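I opened this model to look up its sheet and its cores. My notes are below.

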Amino acid sequence: RVARQRIEMPKKGHDERTRPVTEQILVDAARIYDAREDEDTESKDLKTYAAFLSKEDAFTKHLPTDLLERARNMRPPRDRITCLLIGNHSAGKSSFTNWYVGEKIQNESVAIETAGITIVRRGKGRVTWKGPQTINAFPYLETLGKMEGVTDFLCTEFSTSTEKNFPLVEFVDTPGLTDGTLKYPFDVDEAIMELAEHATMIMVFLDPIGKALVSRCMNVVEKLAVEHSAKMSYYLTKFDTAGDEVDRTNVVSQIVQELQGRVRATHALKLHTMFLPERATEEVRKNLPNKIGDLCQNISREIDSRVQDVLDGLSKDCACLSKIVDAKVARNRKCVTHNTFSVVWKVVISLLSVAVVAALAYWTALNHAELDPLGVCDSEGQRVVTVSQPDGSKIQEVKDGATNSNLWCLGLRAGGGVPCGAGLLLALVWLMYLWVTKTKPTDQLSAEDVKKLREIQAHINETIIRKHKALKKRLTEDALDDQLS
């Protein structure tokens, strides 16, 4: 049984290699966020779901702010860590990059070779991208691309190397910082501060041959330490060229003293000494402490931590989208109920309004036009009555009937009809108020949107969460296999 689980990848071109578990987990997690389906096929991934659920509508404004912000900022996780290399001129940043990659990517010289920003990462071929293509391919560089002069001095170098953990690492090599009359083609300090926002590790390389304490380099380090102290590590490079033991001790003391005066977290400040082993003699390699191996281990630990962070973020993103779906479905259910009752209210209020208006019209006719079409207050009519006279003769007289005095008539005519008229007007106003407050419909989701929400919820619960559990299980089994071996 092999000690470390590896995933066989399909062979595409010359990229015929077995990817380690950590790399495959990062790739698979990125595909959960961005499935990269054909244009004619609707993608079923978290990025598409987040865009759909966070689009502006009547329901979005009622969502909790934290959920909405997380959905709007949801992006596929980067499948590698970013190591930002800064330092004074000729501090060995490019040399270290070439050594780690196992291939000469960057020019190395005492002269200032790196005048721009170079991103070094693994690709399918030895290719160089210029600034516009680099910014277009990597969204996190969008703000950097807006800085004046940066685009013309930005490039990406791809290498097919699989040395060490290079497939999971992205190096960002910055111009060497120096004092004097040298003018940079862009604001280097501002560019480094922007890159630091997206870096996983910030490596400060310092040259022991009198250049480590240049004020420009120390000023940038001081600014970075305010916000990114936890990401930063300090390396005294080319330690094999620092002279004898006394000289080396003095150099280390001077640099540590300068850093302690600028970096607040002095209790955690460590200055690691390192040099490229291939360029040193056998005696130097045996006698001088070289922390370049520790640096490589730190990169490996950051990669492992990155994998765990990605899986943790995936779990939180799934929970976020599920809560948004639940909130929208619950609110839509309330809106449907409200709209149903509003229709019922419309019917009831309409019928009552017709009755009140009819009563008011009849009241007007009865009290102001002396009309009684329904005979509510009509007399019993005229009748012929035979009256006997004293002389014994009889005559006939026509007499009016008694006035009808039922409750309807009394109500319409009591007090001159004023109370009844006022009551009918108040009833009409009240019905108008009910119409405004009870019959106003609210926005609700279409049947298609509700179906889409249920599909998203089902896909997250049944497919994405299952994939997430499988990735965590794969990571756990890989770690246990390593320990057992």
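These entries go from the sheet to the packing.

The model is predicted: I took local features at pLDDT of at least 70 and side-chain atom pairs at pLDDT 80 or more, while totals for chains, interfaces and linings use all residues. Numbering starts from 1 along each chain as its sequence is written, and side-chain values use heavy atoms, without hydrogens and water.

**Sheet.** I looked up the strand order. Eight strands form an open, mixed sheet: β5-β6-β4-β7-β3-β8-β9-β10. Strands are DSSP runs of E of at least two residues, helices of H or I of at least four, numbered from the N terminus. Pairing needs at least two DSSP bridges. β5 (128–129) and β10 (271–273) are the edges; each has a single partner strand, so one side of each lacks a neighbour in the sheet.

**β3.** I checked its partners next. β3 pairs in the parallel sense with β7 over five bridges, and Leu84 has Val172 as its bridge partner there. Seven of the seven residues of β3 are buried (under 20% relative accessible area, 1.4 Å probe, protein chains only). Ile81, Cys83, Leu85 and Gly87 point one way, and Thr82, Leu84 and Ile86 the other.

**Cores.** I then looked up the nonpolar cores, sets of buried Ala, Val, Leu, Ile, Met, Phe, Trp, Tyr and Cys joined through side-chain atoms within 4.5 Å. The largest has 61 residues, and Leu46 and Phe96 are among those with the most contacts inside it. Helix α11 gives the largest share, 16 residues. Apart from this core lies another, of 47 residues, including Phe158 and Val214.

Definitions and conventions
Buried means under 20% relative accessible area, exposed over 50%, partly exposed in between (1.4 Å probe, protein chains only).
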